[in-house]
Amino acid sequence: MTFEPLASDFYAYESLPSDQEKEALGTLRAWLEADVKPIIGGYWERAEFPMQIVKPLADLGTLSYNWEETRPFENSAVFRGFVAFELARIDPSVATFVGVQNGLATGTISVCGSKEQRDEWIPKLASGEVIGAFGLTEPLSGSDSAQGLRTTARREGDTWVLNGSKRWIGNATFSDITIIWAKDVADDQVKGFIVPTSTPGYTATKIEGKISLRAVQNADITLENVAVPESLRLANANSFRDTANVLRLTRAEVAWAAVGTSVGAYEAAVKYAGERVQFGKTIGSHQLIQDLLVKCLGNITASLGMVVRVSEMLDRGEQRDEHSALAKAYTTARMRETVAWAREAVGGNGITLEYDVARFFADAEALYSYEGTREMNTLIVGRKITGKAAFV
Ligand SMILES: Cc1cc2nc3c(=O)[nH]c(=O)nc-3n(C[C@H](O)[C@H](O)[C@H](O)COP(=O)(O)OP(=O)(O)OC[C@H]3O[C@@H](n4cnc5c(N)ncnc54)[C@H](O)[C@@H]3O)c2cc1C
């Protein structure tokens with residue numbers, strides 16, 4: 001499989017991965033272009049997730065690269081970032097499915113689980129045999145989840161009883177397990193539980209009417225006296241600090257997905273600019289359209305440099321909360337500009353699914369807000385710069 005950096009990767013950052021990593025990226029890109037790109041607009045419009053792609057995603061390694069237990073070969077964080085980038089370049093909903101399954105659900109079990117919990121669940125999540133979800137956000141607690149969770153966990157002997165509600169939980173209409181974060185009434189600390197969704201008292205209801213990431217299935221969850229054995233309490237999740245350790249890793253991947261989303265929109269605009277004729281020449285021959293395209297490429301190139309660096313820091317054990325927070329805040333803000341400029345270049349056709357740019361334009365909004373809004377990530381970086389926490 002020949003693999004070349006994309007023309008939209010102007011400084012050729014995709015030449016950085018090893019030959020084995022490039023081979024895997026090339027296979028993934030070819031599959032996404034052949035099997036996902038042609039169908040995904042219809043799923044987006046119908047607000048359905050294409051379940052038939054779960055097995056190929058697993059077979060291609062996208063659900064297993066991150067974890068020692070399942071990865072097919074040693075790989076770098078830069079490579080794993082490019083996996084998120086390639087997925088989002090074709091479809092941000094598909095990238096989000098993988099981000100939830102592989103990042104938030106498997107990631108939590110990897111970071112916070114015991115060896116027994118990791119051995120039991122990670123291979124099943126990597127193969128797609130088990131679908132996972134991650135339930136942190138609640139109807140009354142989003143940005144303030146470090147302190148504002150209302151879902152409770154009460155220990156009764158070897159059983160924990162969970163009560164409360166969750167909102168926005170991705171993949172949760174069809175997940176087999178959902179990680180539920182809840183406050184232990186005994187010590188007021190946030191703890192995590194692997195909750196099989198068949199447990200009595202657990203219900204998930206699809207959130208309808210979304211204008212962004214329509215193919216992602218988000219759910220409202222209610223927990224009414226949901227009984228979970230002590231063996232399903234995450235052994236190493238003892239406070240919100242442990243939850244934040246998972247979010248540090250997944251936020252960096254969202255930053256990569258934001259760059260992929262920008263590239264998806266930009267490539268659609270470049271294609272259109274080469275085909276659409278106005279005033280007797282292709283619109284790409286007009287200076288102002290070139291200006292839009294160059295501004296997009298500048299954002300993409302600067303953002304790629306940032307995410308490559310933040311992943312290199314992860315590989316060297318130097319990545320801190322503020323590093324991934326800055327990458328998430330910066331790249332999603334640049335993404336929002338980029339998808340708007342790309343859509344502008346496609347004119348009226350830019351608001352239809354047919355010309356490909358509209359889906360990225362709409363999907364960018366959810367990436368901008370989930371896994372910490374720009375404001376929250378800004379406050380994490382602001383705290384580092386000034387030494388002052390300005391959250392409340
Ligand atoms: C498509 C989608 C998928 C999601 N998937 C998941 C998932 O799988 N699991 C999960 O747990 N959650 C998920 N979320 C939830 C997501 O993480 C939250 O939406 C996000 O954290 C923001 O919380 P909120 O929506 O409650 O907004 P709020 O916290 O109510 O914020 C509203 C606005 O106020 C701002 N704000 C809040 N506090 C401050 C402050 N102190 N200073 C300045 N500004 C402030 C925010 O930045 C934002 O602009 C998902 C959300 C979406 C949209």
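**Exercise 1.** In this predicted model, work out how Lys271 and Glu275 are placed in helix H7, and whether each of the two counts as exposed or partly exposed.

*Solution.* Begin with the positions: Lys271 and Glu275 are four residues apart in helix H7, so about one helical turn separates them. Next, consider the side chains, which form a salt bridge whose closest N and O atoms are 3.5 Å apart. Finally, turn to accessibility, where the cut-off for exposed is over 50% relative accessible area: Lys271, at 53%, counts as exposed, whereas Glu275, at 49%, is partly exposed.

**Exercise 2.** Find which parts of the chain are linked by the pair Arg248 and Asp321, and decide whether these residues are buried or exposed.

*Solution.* The closest N and O atoms of the salt bridge between Arg248 and Asp321 are 3.7 Å apart. This pair links distant parts of the chain, since Arg248 lies in helix H7 (residues 240-275) and Asp321 in helix H9 (residues 321-345), 73 residues apart. Buried means under 20% relative accessible area; Arg248 has 17% and therefore counts as buried, and Asp321, with 17%, counts as buried too.

Key. Residues are numbered from 1 along each chain as its sequence is written. This is a predicted model: local features need pLDDT of at least 70, side-chain atom pairs count only at pLDDT 80 or more; totals for chains, interfaces and linings use all residues. Side-chain values use heavy atoms; hydrogens and water are left out. A salt bridge is a side-chain nitrogen of Lys or Arg within 4 Å of a carboxyl oxygen of Asp or Glu. Helices (H or I, at least four residues) and strands (E, at least two) are DSSP runs, numbered from the N terminus. Buried means under 20% relative accessible area, exposed over 50%, partly exposed in between (1.4 Å probe, protein chains only).
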